[in-house]
Amino acid sequence: MTHTSTAPEAPAPHPGEGRLVLVGTPIGNLGDASERMRAEIAAADLIAAEDTRRFLGLADRLGITHSGSIVSLFDHNEQAKAGELADVVARGQRVVLLTDAGMPAVSDPGYRVVREVAERGLPVTSAPGPSAVLTALALSGLPSDRFAFEGFLPRKAGERARVLAALAREERTLVLFESPHRVADALADIVAAFGPERRMTISRELTKTYEEVLRGTAAELRERAADGLRGELTLVIAGHSGEAEAPADHLEEMQRLVDAGMRAKTAAAEVASRHGMSTRAMYEEHLRAKG
């Protein structure tokens, strides 16, 4: 006799139960919308959406019926709205929080609301969904047992270079976001900080029709992105090997400091300190390259 079993479905939400529900939404492919996502939206008393128009468009395309009131929740008003949303939960209402794509509170609005609700001892749960971070990491083929998510790199060149320099010896795989019009400059800074041979991937348009994963060294992908890349981008960078590095790998990083007005010996000392190398070796490699 053959026995078959099916996993029990998640219980349907019960209106009248006050709680905050973080709801993951598709990052591209509408087929990734879960039944739980649909049920939570339909049962919500209040829907806090990053962009109300985009939410309404998503609900329309998916044919989701919802009767809850809708408010806007984005980076610049989240702190002010957190207390108001916690008050709604405290009154026994079900608040669904969602963003334009992926999981709320992961490089998106949400964590301040979670903190406020949790600190009041009120229920917080999640209807998990797609995540660009985890999807890109899984597709990268790079070690995924330990990783660090860094969100978006700073827009300003100097701040971006300082952040990357601080991450250069991080041994965990790194995941970060970048915009299409800044990716070429970001990759140039990654080459300067991490060295040209660091393995990495760039995932674009994840789960969409034109999904693509570019693979190679930092230097190779810098060349691929020289004219820019289209679509939403997620970068996955191999962690530092833990081995001592060669000064030649960081000549470009040192030269950037010199070009910015720093004395060569001072620049050599700073780069050497960042990467665990000898200042003298770094300076001599700089002189040798200058010929």
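Predicted model: local features only at pLDDT ≥ 70, side-chain atom pairs only at ≥ 80, totals over all residues.
Biologist: How many bridges join strand 2 to strand 3?

Modeller: There are 4 bridges between strand 2 (residues 46-49) and strand 3, and the two run parallel. If you want a spot to look at, Ala48 stands opposite Val71 in strand 3.

Biologist: Switching to rings. How many aromatic pairs does the structure hold?

Modeller: It holds 2 aromatic pairs. In one of them, the ring centres of Phe149 and Phe177 are 5.1 Å apart and the planes are at 65°, so that pair is edge-to-face.

Biologist: Where do Phe149 and Phe177 lie?

Modeller: Phe149 is in strand 6 (residues 147-152) and Phe177 is in strand 7 (residues 173-178), so the pair ties together parts that are 28 residues apart in sequence. Phe149, Phe152 and Phe177 form one aromatic cluster.

Biologist: Is Phe177 buried or exposed?

Modeller: Phe177 is buried, at a relative accessible area of 12%. Phe149 is partly exposed, with 26%.

Biologist: OK, new topic. What does Thr201 touch?

Modeller: Leaving out residues up to four places away in sequence, Thr201 touches Ser140, Val213, Leu214, Arg215, Leu221, Thr234, Leu235 and Val236. Thr201 lies in strand 8 (residues 199-204), and it counts as buried at 2% relative accessibility.

Biologist: And where does His250 lie?

Modeller: His250 is in the loop between strand 10 (233-237) and helix 9 (251-259). His250 is buried, with a relative accessible area of 0%. Apart from neighbours within four places in sequence, its contacts include Phe194, Glu245, His275, Met277 and Met282.

Biologist: Now charges. How many salt bridges are there in the whole structure?

Modeller: A search finds 18 salt bridges. One joins the side chains of Glu35 and Arg38, at 3.9 Å from N to O.

Biologist: How many residues apart are Glu35 and Arg38 in helix 1?

Modeller: They are 3 residues apart there, which means about one helical turn separates Glu35 and Arg38. Glu35 is exposed at 62% relative accessible area, while Arg38 counts as partly exposed at 24%.

Biologist: Which residue does Asp100 form a salt bridge with?

Modeller: Its partner is Arg54, and the closest N and O atoms are 3.5 Å apart. Asp100 lies in the loop between strand 4 and helix 4 (111-119) and Arg54 lies in helix 2, so the pair ties together parts that are 46 residues apart in sequence.

Biologist: What about Arg182, buried or exposed?

Modeller: Arg182 counts as buried at 12% relative accessibility. Arg182 forms a salt bridge with Glu178, with the closest N and O atoms 3.3 Å apart, and Glu178 counts as buried too, at 2%.

Biologist: Last one: which residues are linked in a network of salt bridges?

Modeller: Arg36, Glu40 and Arg94 are linked that way.

Note on methods
Residues numbered from 1 in each chain as written. Heavy atoms only, no water. Pairing = 2+ DSSP bridges. Phe/Tyr/Trp six-rings, centres within 6.5 Å; stacked < 30°, edge-to-face > 60°. Buried < 20%, exposed > 50% of the residue type's maximum accessible area, 1.4 Å probe, protein only. Contact = heavy atoms within 4.5 Å. Salt bridge = Lys/Arg side-chain N within 4 Å of Asp/Glu carboxyl O.
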